[in-house]
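Please look through the model below before reading on.

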Amino acid sequence: MARGLHHLLLLAALLQLLSTTSAATAGDVATGSGSEKVHVAIYYESLCPYSVRFVANHLLKAYRDGLLDAADLTLVPYGNAKVNAHGAITCQHGPEECLLNTVEACAIDAWPDVKVHLGFIYCVSDLVMKNKHREWESCIQKQGLDPRPVTECYKGERGHNLSLEYGKQTAALVPPHQFVPWVVVDGKPLYNDYGNFKAYVCKAYKGYPLLEACRSLGLEADNNVYGPL
């Protein structure tokens, strides 16, 4: 009898495991989450005109269209900066760019929710385009965020270490980046075609149903596998 009870307990545990796995899988299919998401990485500089235009004109629109709900987005504010033998960083557009790169690195660290730090970075990019980047702290106020985590970070060792880490990530790119913004979708760089990154994300996305943002591009779906761009 003890042996029969043991078998019943094992069966109950197995059924519970299968039920949990099934529910998790159903959730992934319904929401396009988990393994269905497309990995998107943006390597950029805070004062680069091409970078800020990409953030303001392409990246934010993709977010508003719902496309980034299907993506794991990584922002890497470093670009063409250099590190000397003593660990000091110099940036392509000067010390103010190094400051803003660090500020944005700290924002990503302090507010890991991509919708929050992307909103802040968009606000800063918009100020850059208006030549008002020295007013970047107003973006924290506009977002209704606590400035202390970012302030303590960029003024301290944490901010510098984050920038060094982003430098290592940028240097490790294969193939190496050639310019900024350098956009990578599922490990593949888009080179000069980064302005069409939405189409590449839609092509890589295998979730269901077809995203409305992808329908607006005129892409036809065949089991959510798209033809060549």
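In this predicted model, helix α3 is built from 16 residues and spans 22 Å between its first and last C-alpha, which is close to the 22 Å expected at 1.5 Å a residue.

**Packing of the helices**

Two packed helices are described by the angle between their axes and the distance between the axes.

| Helix pair | Angle between axes | Distance between axes | Crossing |
|---|---|---|---|
| α3 and α4 | about 160° | 9 Å | right-handed |
| α2 and α4 | about 145° | 9 Å | left-handed |

**α3 with α6**

On the α3 side, the contact is formed by Leu 99, Thr 102, Val 103, Cys 106, Ala 107 and Ala 110. On the α6 side, Pro 149, Val 150, Cys 153 and Tyr 154 take part. Sorted by class, this contact of α3 with α6 holds nine nonpolar residues, one polar residue and no charged residues.

**α3 with α4**

The axes of α3 and α4 meet at an angle of about 160°, and the two helices are therefore roughly antiparallel to each other. From α3, the residues in this contact are Leu 100, Val 103, Glu 104, Ala 107 and Ile 108. From α4 they are His 117, Phe 120, Ile 121, Val 124 and Val 128. The contact of α3 with α4 divides into eight nonpolar residues, one polar and one charged.

An α-helix has 3.6 residues a turn, so residues three or four places apart point the same way.

**α2 with α4**

Helix α4 also packs against helix α2, which runs over residues 49-64. In α2, the residues that meet α4 are Val 52, Arg 53, Val 55, Ala 56, Leu 59, Leu 60 and Tyr 63. Their partners in α4 are Lys 115, Leu 118, Ile 121, Tyr 122, Ser 125, Val 128 and Met 129. By class, the contact of α2 with α4 has 11 nonpolar residues, one polar and two charged.

Ala 62 lies in helix α2. Is Ala 62 buried or exposed? Its relative accessible area is 0%, so Ala 62 is buried. Apart from its neighbours within four places in sequence, Ala 62 is in contact with Leu 67, Leu 68, Phe 197 and Lys 198. Phe 197 is 135 residues from Ala 62 along the chain, and the C-alpha atoms of these two residues are 9.3 Å apart.

**The chain overall**

The chain contains nine helices and six strands. It has 229 residues, of which 41% count as buried. Among the contacts in the chain with a separation of 6 or more, 65% are between residues 24 or more positions apart.

Notes:
Residues are numbered from 1 along each chain as its sequence is written. This is a predicted model: local features need pLDDT of at least 70, side-chain atom pairs count only at pLDDT 80 or more; totals for chains, interfaces and linings use all residues. Side-chain values use heavy atoms; hydrogens and water are left out. Contact means heavy atoms within 4.5 Å. Helices (H or I, at least four residues) and strands (E, at least two) are DSSP runs, numbered from the N terminus. Ala, Val, Leu, Ile, Met, Phe, Trp, Tyr, Cys and Pro count as nonpolar, Asp, Glu, Lys and Arg as charged, and the others, Gly among them, as polar. The expected span of a helix is 1.5 Å times one less than its number of residues. Axes are lines fitted to C-alpha atoms, for helices over the stretch in contact, and angles run from 0 to 180 degrees between N-to-C directions. Angles under 35 degrees count as roughly parallel, over 145 as roughly antiparallel, 65 to 115 as roughly perpendicular and the rest as oblique. A crossing is left-handed if the near helix is turned anticlockwise from the far one by less than a right angle, and right-handed if clockwise. Buried means under 20% relative accessible area, exposed over 50%, partly exposed in between (1.4 Å probe, protein chains only).
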